[in-house]
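Dear colleague,

Please find below the structure that I am handing over to you. My notes on it follow directly after.

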Amino acid sequence: MKHFFARYIGGRGGSRPLDFWGVGVPLVALALSVPVLVVLSSVFKPTGEVWRHLAATVLPDYVGNSLLLMLGVGFGTLLIGVSCAWVCTLCRFPGRRFFQWALLLPMAMPAYIIAYTYTGMLDFTGPLQTALRAWFEWGHGDYWFPEIRSLPGAVLMLSLVLYPYVYLLARAAFLEQSVCVLEASRTLGCGPWRSFFSVALPMARPAIIAGLTLALMETLADFGTVQYFGVDTFTTGIFRTWYGLGDIDAASQLAALMMTFVLVLIVLERWSRHRARYHNTGQRHQDLPGYQLCGGRALAAFAVCLLPLMLGFLLPAAQLGAWAWATWEHTFDADFLVLMRNSLLLAAGAALLTLTLALLLAYGKRLRPTPVIRVGVQVASMGYAVPGLVIAIGVIIPFAWLDNTVDSWMRDNFNISTGLLLSGTVAALLFAYVARFMAVALHAVEAGLGKVKQSMDDAARVMGMRPFQVLRRVHLPVLRGSLLTALLLVFVDVLKELPATLVLRPFNFNTLAVRAFELASDEFLAESSLAALAIVAAGIVPVILLSLTIARSRREQK
């Protein structure tokens with residue numbers, strides 16, 4: 001045992017004694033892995049009557065609808081994301097510079113908010129159908145109109161807000177492609193379309209698949225849209241099993257089955273890159289050869305970019321603004337200010353805590369790159385691939401067990417009931433946020449640490465600095481930009497998170513996301529607009545930062 005700890009948890013070569021980094025980092029990683037491990041362990045529990053009832057009745061619907069939803073969203077995000085990325089990167093037409101960053105704006109629009117907005121606009125009592133009936137003097141049953149609250153409607157809503165994942169990574173891949181390869185394809189007589197399908201698209205395939213995988217994970221994780229549209233998927237099934245049937249074991253087994261879908265997506269993404277190698281042949285990145293578009297082609301390119309931007313952001317944001325303006329007198333009150341305070345404090349606290357632990361894990365991995373620490377940090381960052389509702393189940397089970405154990409011990413020894421110490425508290429909610437969004441902060445911090453040469457650490461240690469001093473005086477000044485980016489991204493993600501907040505929030509504790517969901521579920525769509533608009537406004541800042549980062553990376557490579 002001593003040899004194991006010295007070799008796999010101690011320092012390089014097992015020569016360093018165990019210290020804070022060798023022990024603290026694995027413990028933190030293990031704690032953050034608990035929700036995922038708890039859910040996965042539920043597959044070993046014996047199945048009960050509720051699970052057998054689910055398997056015989058509604059489980060096929062959950063699986064089928066989830067697969068159809070993923071298939072539809074996958075096709076939609078690929079079509080929109082790849083086409084817009086190619087047009088904005090390799091074509092020259094009026095408005096291109098605007099669309100390069102503006103096409104990321106739908107990323108700031110949570111799927112459940114755009115679902116509420118389009119329902120209000122396209123429903124039977126909405127402005128569009130009301131205007132059609134007035135213009136053509138139609139009555140009920142005189143005409144057909146597509147039903148927005150349906151599986152195709154959910155596919156459309158999710159595609160409109162998730163295509164930026166594919167667009168973002170596809171455009172970055174197109175920007176990084178060597179100008180020599182594309183010019184060689186032109187020399188061989190390839191036109192724009194043939195060059196795209198034969199050269200650019202295969203080279204960008206790993207990035208496109210990675211973006212598609214992220215979009216499909218978000219599709220599986222969605223709760224607000226499918227719940228509001230009445231589409232039975234894994235997330236709605238887990239929620240109903242937990243709250244409707246009162247069986248958390250069956251809900252956790254559903255969650256474990258859902259996690260197999262996530263793991264399959266991760267494996268497929270890794271497999272798609274198997275033995276695929278793409279290398280640039282030029283030493284410097286020159287300006288990419290652009291196709292100058294004129295006339296009808298320029299108009300078509302403009303329309304290709306404008307349509308997803310208008311449907312995914314401009315139109316719903318304008319409708320939210322109109323509703324907010326019409327209802328602000330009775331929605332912007334003391335209760336709304338309390339919601340804003342709760343949301344901002346919760347998001348800020350979770351972002352600071354997540355960033356602190358991410359810095360601890362990333363620096364500990366750099367300082368002690370042992371097998372246990374590397375694997376532990378990797379497992380601790382799996383939470384982002386897991387839906388918020390699954391994380392909530394993985395948090396509530398161990399917390400409830402701990403609460404009951406402490407309460408039972410206190411009753412037996414002191415005849416005192418401690419009640420619920422952790423369950424239903426802000427602490428449980430913060431823990432779920434940290435476990436869910438650790439990967440967001442960790443990747444940003446690791447990218448920043450990767451820019452600091454190991455020789456700088458060695459030089460600081462030779463001068464007598466201890467690890468904490470090296471972190472504070474050498475790394476933190478260099479990491480300032482990466483830390484700010486990570487803090488902002490986690491802040492916005494927490495602000496938008498709905499299912500975990502809905503399940504784990506304390507009694508009588510609401511946030512902007514929960515309030516918007518409750519009002520929309522009660523058909524008060526206009527009244528929910530102010531809370532929804534506040535969430536969208538907060539999400540715009542990191543979207544713009546992402547676009548600027550991509551443009552800056554291209555300039556730095558020249």
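Valine 23 is partly exposed, at 37% relative accessibility; here buried means under 20% relative accessible area, exposed over 50%, and partly exposed in between (1.4 Å probe, protein chains only). This residue is found in helix H2; helices (H or I, at least four residues) and strands (E, at least two) are DSSP runs, numbered from the N terminus. Please note that this is a predicted model, in which local features need pLDDT of at least 70 and side-chain atom pairs count only at pLDDT 80 or more, while totals for chains, interfaces and linings use all residues. Residues are numbered from 1 along each chain as its sequence is written, and side-chain values use heavy atoms, with hydrogens and water left out.

Valine 23 also belongs to a nonpolar surface patch of about 480 Å², together with Leu27, Leu30, Leu37, Leu40 and Leu263. Helix H2 (residues 20-41) supplies the largest share of this patch, five residues. Patches are made of residues with over 30% relative accessible area and no salt bridge, like charges being joined within 9 Å and nonpolar side chains (Val, Leu, Ile, Met, Phe, Trp, Tyr) within 5 Å. Accessible areas come from the Shrake-Rupley method with a 1.4 Å probe, and for residues only the protein chains shown count as cover.

I turn next to the charged pairs. The search of the whole structure finds nine salt bridges, a salt bridge being a side-chain nitrogen of Lys or Arg within 4 Å of a carboxyl oxygen of Asp or Glu. One of them joins the side chains of arginine 411 and aspartate 407, at 2.9 Å from N to O. These two residues are about one helical turn apart, because they lie four residues from each other in helix H17 (residues 388-414). Arginine 411 is partly exposed, with a relative accessible area of 46%, whereas aspartate 407 is buried at 13%.

Another salt bridge is formed by glutamate 497 and arginine 436, whose closest N and O atoms are 3.9 Å apart. This pair links distant parts of the chain, 61 residues apart: glutamate 497 is in the loop between helix H20 (467-496) and helix H21 (499-504), and arginine 436 is in helix H18 (residues 426-449). Both residues are buried.

Glutamate 518 and arginine 505 also meet through their side chains in a salt bridge (3.4 Å, N to O). Here, too, distant parts of the chain are linked, with glutamate 518 in helix H22 (residues 512-521) and arginine 505 in the loop between H21 and H22, 13 residues apart. Glutamate 518 is partly exposed at 22% relative accessibility, and arginine 505 is partly exposed at 23%.

A network of salt bridges links Asp123, Arg149 and Glu523. Glutamate 523 is not a glycine, yet has a positive phi of about 70 degrees. Most residues other than glycine have a negative phi. Glutamate 523 is found in the loop between H22 and helix H23 (529-556) and is partly exposed, with a relative accessible area of 43%. Asparagine 415, in the loop between H17 and H18, likewise has a positive phi, near 55 degrees. Asparagine 415 is exposed, at 71% relative accessible area.

Finally, tyrosine 163 has its place in helix H8 (residues 151-176) and is buried, with a relative accessible area of 0%. Leaving aside neighbours within four places in sequence, tyrosine 163 is in contact (heavy atoms within 4.5 Å) with Thr77, Ile80, Gly81, Leu103, Pro106, Pro308 and Leu309. The C-alpha atoms of tyrosine 163 and proline 106 are separated by 8.3 Å, the two residues being 57 residues apart along the chain.

With kind regards
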